[in-house]
Amino acid sequence: MPTRMTHMHLDHVSFAAGPAGLDETAERLSGLLGEEFVDGGVHPRFGTRNRVLPLVGGQYLEVVEVLDHPASDKAPYGQAVRSRSEAGGGWLGWVIAVDDMAPVASRLHQNSEPGNRHRPDGVELLWRQIGVNQLVSNPQLPFFIHWESSPDHHPSKAATGRVSLETLEIAGDPKSAAEWLGVPSADPIGGVDVEWVGSKDVRPGIIAASFATADGVVRI
């Protein structure tokens, strides 16, 4: 029986806080992009917390920090954030949203796992995810997310319409990415172009992202 297809788009990109911590890292990026991050709250399952910048196009940028919490030592996501922050911080990973997780689980032979985040206003965001282990073992590849919360609560909904993600530059192998994604790696995902560069001399994964802002294109 053929595998069902699922719609996918780039949901968000993650940036690990550096030695200065979450607030100062978010403030530095805010200065570059001309928009303020908001307090996103805590991921209790992962032992992390984030600040979020809503973007136009149904996407968002998060800055994430690991907490001194037992969950961060056990959860792959917490481990990935800790490792990246201890290395100085920087781009952590990219995340693909799908409207149906079952075809992804079937194609990759993996089970989805729950995720949640408690916002400061009391709203709990819920989702299922697959592939978070890639953040440590193979960060050129994204992980997949299927939102179970109301679309009205998606972090992009507060976007002011001034900042959008235009391009991701990723060090890695586009063939591996195409096999993982199940689509050609050269295809734009959610309106975002992905440029692949060799990873021989750099850490695999996101090396830069370009944003359209009120003051022009900003590359981080």
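Buried here means under 20% relative accessible area, exposed over 50%, and partly exposed in between, with a 1.4 Å probe and protein chains only. The model is predicted, so local features need pLDDT of at least 70 and side-chain atom pairs count only at pLDDT 80 or more, while totals for chains, interfaces and linings use all residues. Residues are numbered from 1 along each chain as its sequence is written, and side-chain values use heavy atoms, leaving out hydrogens and water.

Q: What makes residues 174-181 helix α6, and which of its residues are called buried?
A: Helices are DSSP runs of H or I with at least four residues, and strands are runs of E with at least two, numbered from the N terminus. Ala177, Trp180 and Leu181 are the buried residues of α6. They lie on the same side of α6, because their arc around the axis, taken from the directions to the C-beta atoms, is only 90°.

Q: Why do residues three or four places apart in an α-helix point the same way?
A: An α-helix has 3.6 residues a turn.

Q: Which residues are exposed on the other side of α6?
A: Lys175 and Glu179 are exposed there.

Q: What makes Asp173 and Lys175 a polar contact?
A: A polar contact is a pair of N or O atoms within 3.5 Å; within protein, one must be able to donate a hydrogen and the other to accept it, and residues adjacent in sequence count only if both atoms are side-chain atoms. A side-chain oxygen of Asp173 comes to within 3.1 Å of the backbone nitrogen of Lys175, at the start of α6.

Q: How do you know that β9 and β11 pair?
A: Pairing requires at least two DSSP bridges between the strands. Strands β9 (residues 164-171) and β11 (residues 205-213) have seven bridges, in the antiparallel sense.
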